[in-house]
Amino acid sequence: MHLLKTLCEISAPAGNEAPLTEFLLRYINENQTSWRVRPAIIQGEEWQDCIMLVFGTPRTAVFAHLDSIGFTVRYGRQLVRIGGPQVESGYRLVGHDAQGDVACTLAVDDETGELSYEFTRDIERGTELTFACDFRETADTVQSCYLDNRLGVWNALRLAETLEHGILVFSCWEEHGGGSVAYLAKHIYETYGVRQALISDITWVTEGVHAGQGVAISLRDSLIPRRSYVERIRQIAKAAGIPHQLEVEGGGGSDAKELQHSTQPWDWCFVGAPEDHVHSPDELVDKRDIASMLALYQVLMREL
């Protein structure tokens, strides 16, 4: 879990993913010699802060978004949400502006719901603030801010160790409307002919999806994937004997939104561990679900 802790500690809200991108490039360069296959690394200014790793002869792409939720400093100590963070007065927020490091607290107006910060000085407008990381690990769970989606990124990096054929895609902006997957998916489809995807992201613990009962295979959220593709994934999971559970939701979304709306015929399925206390500083995931998530991805990337 040391790698996961490191990922959670890196501030990379939507629009400012560069610090996490830089970490990933260092990590990939330092570790790829021990991976089963060394991938082609596609990155650079023409891809903004996104990264694609191409292994062997790919058939399937895994999408994991780098960004997190957070806040932007506005005027007069006002804050504007990045994505959909949970808000509660007293949450600890951190950031950095030209005057130095920032460690402040969130304040929520009980009547209007307006957000502001409490700090010893004014913070420069446009500064991004994120939850202060308090990574807690027990024998059974991990708890921290930004397990969504640093756990999905962790899953992709661990998958890279044994992956022979496939593409790992690290995207941006997912928490605040998306915008990068469209051009990434177009390049992948036109260059490699790949048109099936897995979404390495984190879902919710609900009345029907429970912690500790395995990775969730989503049958739908606000969008509906092609049933025949999802059924292939279900059959592979069942044959492999990997603990999993089925999710059915009427809302929510992921990088799959841009795949479904693209001009290429992409198949997609969201496959991710469930977490409790979503979009808060205290996101909680069962380690059994983490293990089943990685195990299922390893099998799916061999057999899809």
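The legends below describe close-up views of a predicted model.

**View 1. The crossing of helix 5 and helix 7.**
Helix 5, which covers residues 227-240, and helix 7, which covers residues 287-303, have axes that come within 10 Å of each other and cross at roughly 120°. An angle over 145 degrees would count as roughly antiparallel and one of 65 to 115 as roughly perpendicular, and the two helices are therefore oblique to each other. The crossing in which helix 5 passes helix 7 is right-handed.

**View 2. The residues through which helix 5 and helix 7 meet.**
On the side of helix 5, the residues in this contact are I233, I236, A237 and A240, and they meet L296, V299, L300 and E303 of helix 7.

**View 3. The cis peptide bond between D148 and N149.**
The peptide bond that joins D148 and N149 is cis in this model, with an omega of about 10°. Of these two residues, N149 can be located in helix 3, the helix that spans residues 147-160.

**View 4. H277 and H279 in the loop between strand 18 and strand 19.**

**View 5. The surroundings of T60.**
T60 is found in the loop that runs between strand 2 (51-55) and strand 3 (61-65). Because buried means under 20% relative accessible area, T60 counts as buried at its relative accessibility of 2%. Its neighbours within four places in sequence being left aside, T60 is in contact with G166, I167, V194, Q196, A197, L198, Y229, M301 and L304. With one of these residues, Q196, the contact of T60 includes a polar one between the two side chains, at 2.9 Å.

Technical notes
Residues numbered from 1 in each chain as written. Predicted model: local features only at pLDDT ≥ 70, side-chain atom pairs only at ≥ 80, totals over all residues. Heavy atoms only, no water. Axes fitted to C-alpha atoms, helices over the stretch in contact; angles between N-to-C directions. Helix = DSSP H or I, 4+ residues; strand = E, 2+ residues; numbered from the N terminus. Parallel < 35°, antiparallel > 145°, perpendicular 65-115°, else oblique. Left-handed = near helix turned anticlockwise from the far one by under 90°. Contact = heavy atoms within 4.5 Å. Buried < 20%, exposed > 50% of the residue type's maximum accessible area, 1.4 Å probe, protein only. Polar contact = N/O pair within 3.5 Å; in protein donor to acceptor, adjacent residues only side chain to side chain.
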